[in-house]
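Here is a short tour of the model for you to follow in your viewer. Keep the sequence open beside it.

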Amino acid sequence: MNKPETLYMIIPCCNEEAVLRETARQLKNKYTSLIDRELISPESRIVFVNDGSWDQTWQIIRELHEKNPDFFSGLCLSRNCGHQNAVLAGLMTVKDICGVTITMDADLQDDINAIDEMLNRYYEGNEVVYGVRSTRKTDTFFKKFTAEAFYKFMKAMGADVVYNHADFRLMSRRVLQELAEFKEVNLFLRGMVPLIGFKSCSVYYERRERFAGESKYPLRKMLSFAVNGITSFSTKPLKLITTLGFIMSILSIIAFIWSFAVKITGLSVLGWSSTICSIWLIGGLQLFCLGIIGEYVGKIYAEVKRRPRFIVEEFLSDVGAEFINGEKDSDHA
C-alpha cells in the first residue's frame, strides 16, 4: 500500500446537539484505529459543518475542537444554506489540504465501519467510492416505496444516480478539484459526482436507525429534493410537455370530428358535464405544464445571478485553509 492519505471527513450538522457528542466519540475511535493500522495519516481530521443551527450544535463543535484539535475541526456557515450546500462548503474548504474525503451525515445511520472498506477500495485505485444501502429493513413501507420510486424515476428521467446511494461517499483530492469546476447554484451532489467520471465502485452496508434527534428530511423536503434533482439533471419533463401537447392536439381533432358527426346526424344533446370536465381537464394540464416550465425558468433565474452558494463565517482548524465564500482569495483578486 502507498503512503497513508490524509483523510478529511465532512459531517454536515443542523440542530444535531442530541447526537453530536456520540458521533464525535465513535468517529474519534474509528480514526484512532485507522491511524494505528496506517490506513490514514495522523494529520487526518473530522470537520463538522454547522449549517445555521439554532441549538447548541456550534458550541459543541467548538468545544470538541478546543479539547481535541488534532481530531476535530469546525466550519460555521453564516446562515442555513441547506444540506447539499453544507456538504459542498466542507469539501471546498479542505480540497487543497486533504488527500481524500468522506462525507457522512451526523445521525450515525451510516455505518462508520464501512469507512475501512472505502479506504481499501480507494487504495486499489478507485477515485470515488459510493456507500450504498444493501437493504431498507429499517424503513417504513411508505419510506421504502417512495425512496425506491425516486431512484427509478430519476433513472427514467435520464439522471445518472447510484441506486440506494445518498451522500455517504469517498472522493479523492483529484475528484474534488474537478468538482470545484461545477459552478451551478442548484446543487444535487448525487447527480453531479457521477458526471465527473474517473474509476469508481460501491461499498454496501446496512443503514441503522437514527441514534437520536429527529429526521431533517420530512416528506415536504424529500419532495422538494426530488424535484430539484430531476430538473437539475434532465430536460425530459420539458419534452414530455411537448409530447403531451401533441397527444392533446390529436384528441382535440378526434373530438372535433366526433362532435361534427353527431351534429350533422341530428343526435346532439346539449350537455353541461362534458363541457365542464373538458375545461377543468385542459385547464389543469395547462397549469401543470406551466408549473414544470416555471421550475426550469426559476433555476435559470437563480443561476444567472451567480450569488455565492454559501458564506463561511468561521473555520476552526489547526491547519490553515485560505477560503472566502466558497472561493480562494486569489479568485477575488
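## V304 on the outside

V304 has 60% relative accessibility and therefore counts as exposed, where exposed means over 50% relative accessible area, buried under 20%, and partly exposed in between (1.4 Å probe, protein chains only). V304 sits in helix α10, residues 273-305; helices here are DSSP runs of H or I with at least four residues, strands are runs of E with at least two, and both are numbered from the N terminus. If you look for V185, its C-alpha atom is 9.2 Å from that of V304, although the two are 119 residues apart along the chain.

A quick word on the ground rules: this is a predicted model, so local features need pLDDT of at least 70 and side-chain atom pairs count only at pLDDT 80 or more, while totals for chains, interfaces and linings use all residues. Residues are numbered from 1 along each chain as its sequence is written, and side-chain values use heavy atoms, with hydrogens and water left out.

## The sheet

Now for the strands. An open sheet of eight strands runs in the order β7-β5-β6-β4-β1-β2-β3-β8, with mixed pairing; two strands pair if DSSP finds at least two bridges between them. β7 (200-205) and β8 (312-316) are the edge strands, each pairing on one side only. On average, neighbouring strands of this sheet are turned by 20° against each other, direction ignored.

β2 and β3 run parallel and are joined by five bridges, with I46 partnered by F72 in β3. What about β5: how many of its six residues are buried? Six of the six are, so β5 is largely enclosed by the rest of the structure. V128, Y130 and V132 point one way from β5, and V129, G131 and R133 the other way. β5 runs antiparallel to β6, with four bridges, and pairs in the parallel sense with β7 over six bridges. Y130 has R169 as its bridge partner in β6 and stands opposite S202 in β7.

## Helices against the sheet

Helix α1 (residues 20-36) passes a simple length check: at 1.5 Å a residue its 17 residues should span 24 Å, and its end C-alpha atoms are 24 Å apart, which agrees. The expected span is 1.5 Å times one less than the number of residues. α1 lies across β1, β2 and β3, at about 160° to β2. For such angles, axes are lines fitted to C-alpha atoms, for helices over the stretch in contact, and the values run from 0 to 180 degrees between N-to-C directions. Just after α1, E38 takes a positive phi of about 60°.

Helix α7 (residues 189-196) lies across β5 and β6, running at about 35° to β6.

K30 is in helix α1 and is buried, with a relative accessible area of 10%. Neighbours within four places in sequence aside, K30 is in contact (heavy atoms within 4.5 Å) with I112, N113, I115 and D116. I115 in turn touches residues including M9, L27, K30 and F168.

The largest nonpolar core has 38 residues, and M9, I11, F48, I115 and L119 have the most contacts inside it. Such a core is a set of buried Ala, Val, Leu, Ile, Met, Phe, Trp, Tyr and Cys residues joined through side-chain atoms within 4.5 Å. α4 gives the largest share of this core, six residues. A second, separate core of 30 residues includes L75, C98, V128 and L176.
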